[in-house]
Amino acid sequence: MAKNCHNDLKMKFSVDEEFPDLSLHNNHMAKVLTKDIYGKLRGKSTPSGFTLDDVIQTGVDNPGHPFIMTVGCVAGDEESYEVFKDLLDPIISDRHSGYKPTDKHKTDLNFENLKGGDDLDPNYVLSSRVRTGRSIKGFTLPPHNSRGERRGIEKLSIEALASLEGEFKGKYYPLDGMTDAEQEQLIADHFLFDKPVSPLLTCAGMARDWPDGRGIWHNENKTFLVWVNEEDHLRVISMQKGGNMKEVFRRFCVGLQKIEEIFKKHNHGFMWNEHLGYILTCPSNLGTGLRGGVHVKLPKLSTHAKFEEILNRLRLQKRGTGGVDTASVGGVFDISNADRLGSSEVDQVQMVVDGVKLMVEMEKKLEKGESIDGMIPAQK
Amino acid sequence: MASSFSRILSSKRNVGILSLALGGSVTAALLLHREHVSAGVPVRRRYPASAEYPDLRKHNNCMASNLTPAIYAKLCDKATPNGYTLDQAIQTGVDNPGHPFIKTVGMVAGDEESYEVFADLLDPIIRERHNGYDPNIMKHPTDLDSSKLQSGHFDERYVLSSRVRTGRSIRGLSLPPACSRAERREVERVVVDALAGLKGDLTGRYFSLTQMTEAEQQQLIDDHFLFDKPVSPLLTCAGMARDWPDARGIWHNNEKTFLIWINEEDHTRVISMEKGGNMKRVFERFCRGLKEVERLIQERGWEFMWNERLGYVLTCPSNLGTGLRAGVHVKLPLLSKDPRFSKILNNLRLQKRGTGGVDTAAVGGVFDISNLDRLGHSEVQLVQTVVDGVNYLIECEKRLEKGQDIKVPPPIKSFK
């Protein structure tokens with residue numbers, strides 16, 4: 001383990017002197033971190049030099065979020081989840097509905113196991129999308145990686161993606177080298193990701209050296225998209241207009257498995273273990289890392305007194321159509337699965353498909369002035 | 001400086017600057033010999049320097065202009081005794097390619113030793129930024145004798161307010177880009193403790209950002225004293241906003257003419273200000289207040305970071321030397337539209353900013369005009385430059401009002 005001078009310097013001060021002031025904070029890290037845990041872990045460092053203070057900085061700097069209870073910490077590498085177990089296990093448990101350190105996570109990317117999902121009403125469901133993230137073994141994660149590592153990840157990703165064929169044949173656009181025309185097109189397609197402005201990400205160091213080593217790859221049909229070096233090494237997205245989630249999920253599973261094979265051949269498989277599933281930067285994305293969702297018009301249902309409760313029971317989450325930090329506009333919501341860890345990809349997409357179908361029926365009822373009391377689902 | 005070091009050795013602090021010695025004797029560690037300090041701990045590196053070298057092709061800041069691949073390769077494996085690295089020091093410059101109004105420095109110091117360990121990069125940056133000042137052969141003059149200032153009463157039909165600010169760092173504690181929470185709290189404790197000893201017209205009180213009431217906060221905003229969490233990416237990318245608002249605060253005297261910011265961009269920022277054009281009085285209070293604060297921290301075994309190469313050591317290399325920015329808010333609606341305005345300012349060694357601060361544009365013909373230089377000239381010299389220059393600008397404005405022509409003054413000679 002490399003000597004970490006700066007961290008050793010801090011050990012000259014007492015725990016009380018270094019412990020962050022979390023009195024106004026409301027995030028998972030702030031709820032779990034005690035002086036005892038801080039004292040136990042602050043002298044440690046992962047082999048690549050990531051420390052406890054690095055893990056929690058984003059949570060110290062961002063006391064709370066109005067729309068969603070944030071995690072307040074990040075991993076700097078695969079080993080963070082081991083070295084800082086005493087902090088991360090309770091956070092994982094809180095965030096992932098009581099998931100225990102001894103639990104095992106199920107991975108199921110067999111799209112044929114999904115029932116239905118091809119008949120969501122396109123008058124309400126405007127678009128369907130499934131995304132996940134993948135981390136490449138042997139590299140540290142976005143909060144911590146150096147420029148050399150980030151470029152290494154990009155190079156490997158370009159090689160891997162260049163070998164895809166058929167419906168997955170596509171092209172890579174490095175952020176720092178695309179023409180104005182290419183940039184306009186990517187914006188028009190809603191593919192281009194921006195330099196993060198959310199302090200949740202910037203305070204964790206994920207925007208360093210922007211746009212070096214970042215880029216977007218997509219297939220010719222514009223239905224399968226990979227982001228390189230944004231919040232995770234890779235974000236893989238399958239999407240299309242309308243409500244055919246079944247097709248979106250099929251393409252997602254097939255594409256992902258093809259990509260994984262290629263990375264394995266290059267001796268850099270994805271970070272995964274049987275306890276935490278796929279390892280990603282934010283503990284909230286462990287497990288499947290999957291967010292399957294739709295943009296759906298629910299102007300009446302969203303103002304119904306029981307909307308939140310319905311979402312909760314269906315294990316679904318709402319966001320504005322601009323992403324995690326935004327509010328909804330015009331009654332159109334981004335509805336997606338709340339769970340990531342402890343259930344499989346198929347399970348989670350099934351919950352979205354079934355739940356959205358139900359909510360659209362509720363919306364139709366409300367439009368007719370009828371009650372939906374009889375339709376309130378049981379807790380999933 | 002030998003006597004200052006023995007004072008550090010006998011102080012009551014237990015920060016452990018002594019234990020930062022890299023083997024060898026304690027006094028050897030404290031003397032800033034370049035070879036000794038630059039032999040820092042090896043930095044984790046999996047890729048060669050060439051793979052890590054930043055892409056600076058679209059950049060326009062002093063760091064980008066001076067960081068060659070060779071210098072990067074030489075320094076990228078070094079760290080200061082506190083563990084601060086080159087990559088950390090240049091991060092802000094990598095993340096912020098250029099600024100529309102001003103050529104930024106693009107690099108910060110994490111501690112006093114950064115200026116030694118990374119001298120191969122910082123020395124040329126200092127030369128570029130400070131008009132040719134060469135820290136290897138020149139000495140910086142410090143002069144806080146305000147009685148030497150001539151005139152210094154501006155025409156108040158034009159000058160709305162006058163202000164002098166500087167920064168001071170507490171020796172032995174890391175700077176804002178690198179400091180831990182405990183170090184930052186130590187800075188706060190040391191400074192607030194000392195300020196409690198100020199008397200007379202300097203008597204005042206401290207408002208901690210974490211503990212001020214809403215009423216106090218509103219009052220500080222109304223007085224234009226309250227500083228916000230930095231939003232400028234120049235500062236946030238350098239890590240200066242970490243743990244906000246922990247250990248940050250504002251101290252001011254009861255008369256609201258002498259103000260100290262704690263743990264914003266520097267350990268301390270010291271500001272003397274008042275409405276109107278009496279720069280002489282502003283500077284007098286500035287010098288007196290600073291000297292008094294220095295005396296008070298020395299009584300407690302602390303001192304400011306200072307050396308004769310670089311003067312006062314601050315976070316940003318642009319603030320080395322005096323760290324002094326003396327300025328006015330002045331109405332120059334006609335002159336500012338004259339195409340010769342920039343040249344006139346330049347020749348007078350003055351700089352314009354908007355009235356909102358360094359990152360802003362001017363509003364309504366009112367400009368913030370201040371000295372360009374910081375290093376290589378004393379405090380008295382720089383404030384005199386502002387006094388003479390602003391008087392000249394006002395003369396120009398008056399002439400333009402009468403439809404008369406103006407002249408571009410000859411450039412003030414520097415040491416280049």
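**Exercise 1. Work out how much area chain A and chain B bury between them, and which residues of chain A lose the most.**

Solution. Start with the quantity itself: buried area is the accessible area (1.4 Å probe) that two parts lose on being put together, summed over both. For chain A and chain B this comes to about 2900 Å², with 43% of it on carbon and sulfur atoms. Next, look at the chain A side: A:Leu9, A:Phe13 and A:Arg147 lose the most area to chain B, together 20% of what that side buries. Then count residues, taking contact as heavy atoms within 4.5 Å: 37 residues of chain A touch 36 residues of chain B.

A word on the ground rules: this is a predicted model, in which local features need pLDDT of at least 70 and side-chain atom pairs count only at pLDDT 80 or more, while totals for chains, interfaces and linings use all residues. Residues are numbered from 1 along each chain as its sequence is written, chains are lettered from A and ligands numbered from 1 in the order in which they are written, and side-chain values use heavy atoms, leaving out hydrogens and water.

**Exercise 2. Find the salt-bridge partner of A:Arg147 in chain B.**

Solution. Apply the rule first: a side-chain nitrogen of Lys or Arg must lie within 4 Å of a carboxyl oxygen of Asp or Glu. Across the interface, 3 salt bridges pass. One of them joins A:Arg147 to B:Asp87, whose closest N and O atoms are 2.9 Å apart.

**Exercise 3. Decide whether A:Ala162 is buried or exposed.**

Solution. Locate A:Ala162 in helix 8 of chain A. Now recall the classes: buried is under 20% relative accessible area, exposed over 50%, and partly exposed in between (1.4 Å probe, protein chains only). A:Ala162 has 60% relative accessibility, so it counts as exposed.

**Exercise 4. Judge where the coordinates of chain B call for caution.**

Solution. Begin with the average pLDDT, the predictor's confidence in each residue from 0 to 100: chain B averages 88, and 87% of its residues score at least 70. Residues 1–41 of chain B fall below 50, although this stretch has 62 contacts in the model beyond near neighbours in sequence. Where pLDDT is low, predicted coordinates should not be read in detail.

Methods. Helices (H or I, at least four residues) and strands (E, at least two) are DSSP runs, numbered from the N terminus.
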